[in-house]
Amino acid sequence: METPLATTPDSTDSSPSAAAAAASPPAGAATVVRVGPLMPQLERGLIDEFDAPVISADASELTEATQRELAQVRVAVTSGRYGVSEALMEKLPALEAIVHFGVGYDTTDTAAARARGIAVSNTPDVLNDCVADTAVALLLDTYRRFSASDRFVRAGEWPSGNYPLTTRFTGTRVGVVGLGRIGSAIAKRLTGFDCPISYHNRREVPGSPFRHVDSLLELARSSDALVVAAAGGPDSQQLISAEVLEALGPDGVLVNISRGSVVDEAALIAALDGGVIKAAGLDVFADEPNVPEALIALDNVVLFPHLASGTRETRDDMRQLVVDNVRSWLADGALVTPVRF
């Protein structure tokens, strides 16, 4: 059951006491709010502990009565799908912190948050392993076509002949776009497959055993597979362009476990359809949960429904970290895992 918000005061009551009540937030008004749907266990916890109501991420949907209910909100809890816009921040005048369920926070207007002195947190580290495991799974699937071979057996095609030969993955030259926490976890796993690893960051990672490449185009040219682990946001919008895909080449494979916005999806579809690259493995898309029919129709792409962190263990760790961040902010004005702007 959702925690209810205030209803509009009776417009026929024009007494001074009614006007005063309408002008100020009611006693016991919410200090924590949920922006958009969240994991059910997290929603229950936020309701039970903080009596946190849910609101739409679309600020235009907030009524004046609802805004009065939200006048004392100090913390907004959201996810990478919804975030908190500048328009919504304007309607939460007491907002002090935005807590994200997930490592991505690009759907929140961080520039507006910074300008208003609003702190932002996410849930890093606890999902590194499962996301890195998913990246490796996508690489193996695109090279060895395990999902396609499963469909081959289920369709009863095996009696008609053996499944076509696939491509060896061990020893593949892999370029990692974004050698942060998750990118490093991916690279570490790939050393077990004897994969030479290179990476592209804005700056070289001190002490990294992997080869830093200054140019993204050069990384693509020198790699057999490109794994995208860069953070989302305006700075990485369509970072993987048609030019990068062309540099990757006709035997190249692209894997994306970061954000759909980091890849030019139209260019990727054209590259897959036209043989510019060989295959792709995707866990994220530009307009989730809507996946372009053109991608679904292609047989040289593996499609996952944004499940990289989707294990019970990881999601529970993420849930707990969100709650810890909310508790810490309300108690001490500090976040456990703040985002550094």
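**Aromatic pairs in a predicted protein chain**

Of the 341 residues of the protein chain, 47% count as buried (under 20% relative accessible area, with exposed over 50% and partly exposed in between, for a 1.4 Å probe and protein chains only). The model is predicted: local features need pLDDT of at least 70, side-chain atom pairs count only at pLDDT 80 or more, and totals for chains, interfaces and linings use all residues. Residues are numbered from 1 along each chain as its sequence is written, and side-chain values use heavy atoms, with hydrogens and water left out.

The protein chain contains 13 helices and 12 strands (DSSP runs of H or I with at least four residues, and of E with at least two, numbered from the N terminus). Its C-alpha atoms fill a box of roughly 80 × 50 × 35 Å along the principal axes.

Three aromatic pairs are present in the structure (rings of Phe, Tyr and Trp, the last by its six-membered ring, with centres within 6.5 Å; planes under 30 degrees apart are stacked, over 60 edge-to-face, and the rest tilted). In one of them, the ring centres of F152 and Y163 are 5.1 Å apart and the planes stand at 75 degrees, so the pair is edge-to-face. Because F152 belongs to helix α7 (residues 146-154) and Y163 to the loop between α7 and β6 (174-177), the pair ties together parts 11 residues apart in sequence. F152 is buried at 12% relative accessible area, whereas Y163 is partly exposed at 23%.

The rings of F169 and F193 are also edge-to-face, since their centres are 5.4 Å apart and their planes at 70 degrees. F169 lies in the loop between α7 and β6 and F193 in the loop between α8 (181-190) and β7 (197-200), so this pair ties together parts 24 residues apart in sequence. F169 is buried at 3% relative accessibility, while F193 is partly exposed at 25%. Together with Y143, F169 and F193 form one aromatic cluster.
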